[in-house]
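Please read the following walk through one chain alongside its sequence and model.

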Amino acid sequence: LPAAGRSKERSQRFRRPTVRKLWLLIAILDLTLYWGIWVRWLQLNGRIVVADRWIMDTELDFELNFPEENVARWISWRFVKLLMPRPTEHFIFVIPVKESQRRSAQKNEPFPDSTEVLKMRFDYYKNAVEEGKGIEIDGMLSREEVHAIYFDSCCHEVAF
């Protein structure tokens with residue numbers, strides 16, 4: 001399997017359908033264990049789980065990075081979606097493309113998305129909010145503003 005991170009070698013290896021499918025299957029198995037078992041276990045034991053990425057984000061990543069595989073139709077992917085717990089609240093941080101690029105540069109992101117991919121992500125998340133799949137959070141606000149506006153009234157346990 002290819003090493004993590006973008007590289008010419010990784011791109012070449014992922015051109016092989018067998019490698020792509022094996023890597024995706026392992027990723028889906030990992031998500032099944034994490035979401036379907038570990039997160040459920042935590043919740044059953046009264047723990048509050050705050051995730052910075054969820055099924056929607058992963059499905060988008062698969063769609064953008066492996067469009068030829070159509071992972072959303074795989075039985076293993078549908079199994080993960082069936083097993084994973086549903087969030088009590090689903091917040092979607094929306095950050096404009098230029099700001100996302102600025103933040104990636106600021107934190108020296110080793111594998112930043114291209115402008116085109118960032119635009120697709122932005123559109124995807126804006127559409128998800130419009131379709132009622134989550135509550136939009138303005139990613140241009142400060143941490144304190146986000147907490148005051150979105151969390152003080154509902155989620156006192158959430159700490160940033």
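Buried residues make up 34% of the 160 residues in the chain, where buried means under 20% relative accessible area, exposed over 50%, and partly exposed in between, with a 1.4 Å probe and protein chains only. The model is predicted, and local features need pLDDT of at least 70, side-chain atom pairs count only at pLDDT 80 or more, and totals for chains, interfaces and linings use all residues. Residues are numbered from 1 along each chain as its sequence is written, and side-chain values use heavy atoms, with hydrogens and water left out.

The chain exposes about 11,100 Å², and carbon and sulfur atoms supply 55% of that area; accessible areas come from the Shrake-Rupley method with a 1.4 Å probe, and for residues only the protein chains shown count as cover. The chain has seven helices and two strands. These are DSSP runs numbered from the N terminus, helices being H or I of at least four residues and strands E of at least two. In order from the N terminus, the elements run α-α-α-α-β-α-α-β-α. Of the contacts between residues at least 6 apart in sequence, 64% join residues at least 24 apart, a contact being heavy atoms within 4.5 Å.

The interior comes next. In soluble globular proteins, nonpolar side chains tend to be buried together. A nonpolar core is here a set of buried Ala, Val, Leu, Ile, Met, Phe, Trp, Tyr and Cys residues joined through side-chain atoms within 4.5 Å. The largest such core has 17 residues, of which Ile-28, Trp-35, Ile-55, Phe-62, Val-71, Trp-77 and Val-80 touch the most other members. Helix H2 (17–44), H3 and helix H4 (75–83) are the elements that give two or more residues to this core. H2 provides the largest share, seven residues.

Ile-28 shows how the parts of the chain meet: leaving aside neighbours within four places in sequence, Ile-28 is in contact with Phe-62, Val-71, Trp-74, Ser-76, Trp-77 and Val-80. A second, separate core of seven residues includes Met-56, Ile-92, Ala-128 and Val-129.

Leu-24 is another residue of helix H2. Its relative accessibility is 0%, so Leu-24 counts as buried. Beyond four places in sequence, Leu-24 is in contact with Phe-62, Phe-66, Glu-69, Val-71 and Trp-74. Leu-24 and Ser-76 are 52 residues apart along the chain, and their C-alpha atoms are separated by 9.9 Å.

Ile-55 lies in helix H3 and counts as buried because its relative accessibility is 13%. Not counting residues up to four places away in sequence, Ile-55 touches Trp-35, Trp-77, Val-80, Lys-81 and Met-84. Ile-55 and Leu-31 are 24 residues apart in sequence, with 9.1 Å between their C-alpha atoms.

Which residues line the second largest pocket? They are Ile-55, Met-56, Glu-59, Lys-81, Met-84, Arg-86, Tyr-124, Asn-127, Ala-128, Glu-131 and Lys-133. On a 1 Å grid over the protein atoms alone, a pocket is an open set of points where a 1.4 Å probe fits, with protein on both sides within 12 Å along at least five of seven lines, and lining residues have an atom within 4 Å of a point. About 220 Å³ of space lies in this second largest pocket, the volume being the space filled by probe spheres set on the points, which are joined across faces, edges and corners. Helix H3 (55–65) and helix H6 (115–130) each supply at least two residues of the lining. The lining divides into five nonpolar, one polar and five charged residues; Ala, Val, Leu, Ile, Met, Phe, Trp, Tyr, Cys and Pro count as nonpolar, Asp, Glu, Lys and Arg as charged, and the others, Gly among them, as polar.

Ala-128, one of the lining residues, is in helix H6. With a relative accessible area of 3%, Ala-128 is buried. Apart from neighbours within four places in sequence, Ala-128 is in contact with Met-56, Ile-92, Lys-133 and Gly-134. Ala-128 and Ile-92 are 36 residues apart in sequence and 8.6 Å apart in space, C-alpha to C-alpha.

Two loop residues remain. Asn-70, in the loop between H3 and H4, has a phi near 50°, a positive value in a residue other than glycine. Asn-70 is partly exposed, at 41% relative accessibility. Asn-108 sits in the loop between helix H5 (97–106) and H6, and its phi, near 55°, is likewise a positive value in a residue other than glycine. Asn-108 is exposed, with a relative accessible area of 64%.
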